[in-house]
Amino acid sequence: MREKIISILNELRPEFDFSMSNNFIADGMLDSFDVINLVNELDTTFGISIDGMDVLPENFSSVENIIALLKKNGIE
Amino acid sequence: MDLKFHNKKISGIVTVLPSKEVKFEDEMENYNFSSAKSMKLKLAMGYNKHRIAENDVCVSDLCSYGLKYLFEQGKVNKDEIDALILVTQSPDYFMPPTSNVIQGLLDMKKDMICMDINQGCAGYIIGLVQAFMLLDQPSIKKVALLNADVLSKKVSKRDRNSNPLIGDGASITIIENSSENLTIHGNLFMDGTRANALMIPAGGFRLPSSAETAIMEEDINGNFRSLDNLVMKGDEVFNFVQTEVPPMIDSLLHTASVSKEDVDYYMFHQPNRFMLQKLADKIGVDRNKMPCNIVENFGNASGVSIPTNITYNLGSEMLNNEYQLCLAGFGVGLTWASLILKTGNLNFCEIINY
């Protein structure tokens, strides 16, 4: 799951090294439109529909937080 | 608050769209983002093309064009209209009311009421509610509800938050009393504490337009706009919709004793495809029952998006059939409102180009 997430992030914003950041939002690596694209990619890749109320920047600020969100959607 | 109306019906809808069509790709260079990123967003949000009024076209032009079409085609008798309700955020003037201007342009009878209502994305529901209330007056037998906006004039072309999705247009809905025993349920909510989530900061009496308010500034996301432009706090609006709309719909259906499956179509206001699809999933209805193709074809023209949704997606199907429709609008104010009604067998349901 981690590798897939990193791959999606790298494709979304290839100009950044996501391993160098603890907070993608605060570091300006993902803006609100990136989050929308990220949600779309995660929905498609993992066959889920992330709840609209979970489309909050803090849920996408790190790989760990994204993993937690996917686990909430039943992805192990 | 919950609302209930008896023996009212929609008898016809026409949407008037400017002929000028602008494609997303043609405007991409205005935005401070890579084309690859913009193209991804195009798919997610449903940006494709939108209808934009020419600079000299105002709300009264679109509305009077549509009304004149209905009168000349014999679809509506001009003298039978007892009320003109115009819902718009882009009136021709601060004063007089644009509805009066339209009445004058078409030489309509003086024994009628004209009123402007300043509402946006929930403006179709608010307008219908006002029409239903007016029809309780014995002397008012037929109401023309006009929803119209030309807000593209107030959106910065360099604002990727708002420019790709904005659209201009108008719709005319005829509402009258029905001899059938019909009950229409509705509910509506307003929260002025979040009024600045969607606003045009300058140009009113609080902050008149000036050279200073016209200065373009870059926001944190790389969009350029001035205080004279429409500003939308996209994150706040998205979270507002996802939080407030699902319980509103659940409450409406419960009050009306209608199951989710019994609703034929959820004809909602359409800010963008992503928001609508997440809303359908959250409410728990089939995405096919909640069309989300208006922004990609015409843009979002505020209160015009629901009637455009009906005329585009159901169109002539509405002439000989009846459907259980759930309508919902949400946005500026903040305002969120919904109605559930059986409607159909309309006299007309179409789109015309201006």
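This is a predicted model: local features need pLDDT of at least 70, side-chain atom pairs count only at pLDDT 80 or more; totals for chains, interfaces and linings use all residues.
The size of an interface is often given as the accessible area lost when the parts come together. Between chain B and chain A, the buried area is about 1,700 Å², and carbon and sulfur atoms give 56% of this area. Of the area that chain B buries against chain A, 31% is supplied by B:K37, B:K40 and B:K278, more than by any other three residues. In terms of contacts, 20 residues of chain B meet 20 residues of chain A.

In one salt bridge, the side chain of B:K278 meets that of A:D43, with a distance of 2.5 Å from N to O. B:K278 is also one of the three lysines named above for their share of the buried area. Between the two chains, 5 residue pairs are in polar contact, with both residues at pLDDT 80 or more. On the side of chain B that touches chain A, at least two residues are supplied by each of α2 (35–45), α6 (234–256) and α7 (273–283). The residues on this side of chain B comprise 7 nonpolar, 5 polar and 8 charged.

Two residues within chain B were examined individually. B:R225 belongs to strand β12, which covers residues 224–225 of chain B. The relative accessible area of B:R225 is 12%, and the residue is therefore classed as buried, the limit being under 20%. The side chain of B:R225 is joined to that of B:D219 by a polar contact of 3.2 Å. When residues up to four places away in sequence are not counted, B:R225 touches B:S156, B:D159, B:N161, B:I215, B:M216, B:E217, B:D219, B:L230 and B:V231.

B:T15 is located in strand β2 (residues 8–17) of chain B. With a relative accessible area of 0%, B:T15 is likewise buried. Apart from neighbours within four places in sequence, the residues in contact with B:T15 include B:A170 and B:S171, together with B:V304, B:P307, B:T308 and B:T311. B:E350, B:I351 and B:I352 are also among the contacts of B:T15.

A pair of aromatic rings is described by the distance of the centres and the angle of the planes. Over all chains, the structure holds 14 aromatic pairs. One of these, formed by B:F24 and B:Y47, is tilted, with 5.6 Å from centre to centre and 40 degrees between the planes. The pair links distant parts of the chain, 23 residues apart: B:F24 lies in helix α1 (residues 24–27) of chain B, and B:Y47 in the loop between α2 and β4 (49–51). B:F24 is buried at 2% relative accessibility, and B:Y47 is buried at 1%.

B:Y265 and B:Y323 form an edge-to-face pair, with 5.7 Å between the centres and 70 degrees between the planes. B:Y265 is in strand β14 (residues 265–268) and B:Y323 in strand β15 (residues 322–331) of chain B, so the pair ties together parts that are 58 residues apart in sequence. B:Y265 is partly exposed, at 25% relative accessibility, whereas B:Y323, at 13%, counts as buried. In chain A, one aromatic cluster is formed by A:F16, A:F18 and A:F24.

Conventions:
Residues are numbered from 1 along each chain as its sequence is written. Chains are lettered from A and ligands numbered from 1 in the order in which they are written. Side-chain values use heavy atoms; hydrogens and water are left out. Contact means heavy atoms within 4.5 Å. Buried area is the accessible area (1.4 Å probe) that two parts lose on being put together, summed over both. A salt bridge is a side-chain nitrogen of Lys or Arg within 4 Å of a carboxyl oxygen of Asp or Glu. A polar contact is a pair of N or O atoms within 3.5 Å; within protein, one must be able to donate a hydrogen and the other to accept it, and residues adjacent in sequence count only if both atoms are side-chain atoms. Helices (H or I, at least four residues) and strands (E, at least two) are DSSP runs, numbered from the N terminus. Ala, Val, Leu, Ile, Met, Phe, Trp, Tyr, Cys and Pro count as nonpolar, Asp, Glu, Lys and Arg as charged, and the others, Gly among them, as polar. Buried means under 20% relative accessible area, exposed over 50%, partly exposed in between (1.4 Å probe, protein chains only). Rings of Phe, Tyr and Trp (its six-membered ring) pair if their centres lie within 6.5 Å; planes under 30 degrees apart count as stacked, over 60 as edge-to-face and the rest as tilted.
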